[in-house]
Amino acid sequence: MALPPVLQNLRIPVIGSPLFIISNPDLVIAQCKAGVIGSFPALNARPEAQLDEWLDRITTELAEYDAKNPDRPSAPFAVNQIVHKTNNRLDHDVEMCVKYKVPVVITSLGAREEVNQAIHSYGGIVLHDIINTIFARKALEKGADGLIAVAAGAGGHAGTISPLALIQDIREFFDGPLALSGAMGNGGAVAAAQAMGADFGYIGSAFISCHEANAVEGYKDMIVESDAKDIVYSNLFTGVHGNYLAPSIAKAGLNPNDLPESDPSAMNFGSGGNQEAKAWKDIWGCGQGIGAVNSRMSTAEYVDKLEAEYVAAIEALQNRRAFDRTSVTV
């Protein structure tokens with residue numbers, strides 16, 4: 001299936017994932033100008049009236065950029081909506097997406113047919129993140145246009161299935177837009193995702209260290225200094241299993257190697273309560289792909305690096321295939 005027009009013609013096939021607290025207009029605008037899809041959670045705009053201001057700024061600045069750069073226009077942007085029943089802002093935030101005709105909406109923690117219909121009313125598309133094929137089928141049944149496969153190793157609320165297996169299983173029944181999230185830190189990983197059958201790489205943790213990200217200096221430095229061995233998978237902090245930086249857990253006075261289980265019914269994504277704030281402000285979410293992040297840089301510099309790595313990986317694969325063909329004997 002051909003990709004929807006809004007998802008075509010990116011500089012490289014990358015979606016910057018929405019990062020709670022961290023993704024802000026500065027980061028989203030920088031991502032889009034650099035040629036990749038930038039996104040942010042609607043709940044990052046607090047109080048809720050601020051979402052109107054953010055969307056006005058993003059749409060205005062990107063339109064101005066496009067007018068000045070017709071040969072290299074910006075990539076579209078996306079807004080993440082938590083559609084879990086605890087999100088008491090959902091109706092308002094969806095109304096804002098409709099008002100500003102947000103090109104892409106990313107839905108999480110449930111699938112809501114009425115949300116999909118609202119986004120489709122003006123021609124927007126919905127990508128729904130899932131951790132297994134059960135949730136994938138449900139999302140498609142309720143009208144999602146595409147899927148984000150959140151595999152083992154992804155930052156934040158991650159699944160446990162291997163990227164290889166998850167993409168393989170989804171492609172057995174769905175040939176539409178598909179992004180892969182999980183341990184992606186460089187352009188080679190994006191090329192690998194496409195080789196497996198995904199259309200896009202879904203990158204979050206690596207953008208945390210970028211200058212425009214709304215993360216404290218210690219968080220950014222910890223991203224650069226850490227690698228996959230420093231990631232802990234736990235449901236203690238929000239009630240949903242996710243990946244976190246072990247040094248941040250230790251800094252909070254907990255033993256990252258001996259964390260208790262949490263009651264899933266305690267999760268709260270709607271109001272940004274104390275438990276949620278502690279999870280993301282003090283206990284820092286992160287994926288396993290950060291070993292590829294060795295320095296802090298601007299978003300534009302990081303996307304330049306991604307593009308160079310992506311092109312090199314594609315060329316290496318093509319050269320390898322050419323070598324294999326010439327080496328075959330009959």
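I started with R57, which counts as partly exposed because its relative accessibility is 31%. My scale has buried under 20% relative accessible area, exposed over 50%, and partly exposed in between, with a 1.4 Å probe and protein chains only.

Before going on, I noted that this is a predicted model, where local features need pLDDT of at least 70, side-chain atom pairs count only at pLDDT 80 or more, and totals for chains, interfaces and linings use all residues. Residues are numbered from 1 along each chain as its sequence is written, and side-chain values use heavy atoms, with hydrogens and water left out.

**Salt bridges**

What does R57 pair with? I found its side chain in a salt bridge with that of E61, at 2.8 Å from N to O. For this I need a side-chain nitrogen of Lys or Arg within 4 Å of a carboxyl oxygen of Asp or Glu. The two residues sit 4 apart in helix α2 (residues 50-68), so about one helical turn separates R57 from E61. Helices (H or I, at least four residues) and strands (E, at least two) are DSSP runs here, numbered from the N terminus. I reminded myself that an α-helix has 3.6 residues a turn, so residues three or four places apart point the same way. E61 comes out as partly exposed too, at 25% relative accessibility.

How many salt bridges does the structure hold? My list has 13. Another one joins the side chains of R296 and D221, again 2.8 Å from N to O. This pair ties distant parts of the chain together: R296 is in the loop between α11 (274-281) and α12 (299-327), while D221 is in helix α9 (residues 217-225), 75 residues apart. I get partly exposed for R296, at 29% relative accessibility, and for D221, at 31%.

I also looked up K229, which forms a salt bridge with D227, their closest N and O atoms being 3.2 Å apart. K229 is exposed at 66% relative accessible area, but D227 is partly exposed at 29%.

**Inside**

Which residues touch the most other members of the largest nonpolar core? I wrote down I203, F207 and L245, out of 48 residues in that core. Such a core is a set of buried Ala, Val, Leu, Ile, Met, Phe, Trp, Tyr and Cys residues joined through side-chain atoms within 4.5 Å. I then listed the contacts of I203 (heavy atoms within 4.5 Å), leaving aside neighbours within four places in sequence: V14, I15, G16, S17, M184, V190, Y302 and L306. Apart from this core there is another, with 26 residues, including I29, F77, V102 and V105.

Is helix α1 (residues 25-34) largely enclosed or open? I'd call it largely enclosed by the rest of the structure, because 8 of its 10 residues are buried. Among the buried ones are P25, L27, V28 and I29. Just after α1, I noticed a positive phi of about 105° at G35.

**Helix α5**

What caps the N-terminal end of α5 (residues 133-141)? I found N132 there, with a side-chain oxygen 3.1 Å from the backbone nitrogen of I134. I134 itself lies in α5, and at 54% relative accessibility it counts as exposed. Just past this helix, G143 has a positive phi of about 105°.

K101 is not a glycine, yet I read a positive phi of about 50°. I placed K101 in the loop between α3 (90-99) and β4 (104-108), and K101 is exposed, at 52% relative accessible area. A183, also no glycine, has a positive phi of about 60°. Its place is the loop between β7 (178-181) and α7 (187-196), and at 35% relative accessibility A183 counts as partly exposed.

Which peptide bond did I log as cis? The one from R46 to P47, with omega near 0°. P47 lies in the loop between β2 (38-41) and α2.

I finished with P5, in the segment before β1 (14-16). P5 is exposed, with 68% relative accessible area. I also noted 44 Å between the C-alpha atoms of P5 and E261, which are 256 residues apart along the chain.

Conventions
Polar contact = N/O pair within 3.5 Å; in protein donor to acceptor, adjacent residues only side chain to side chain.
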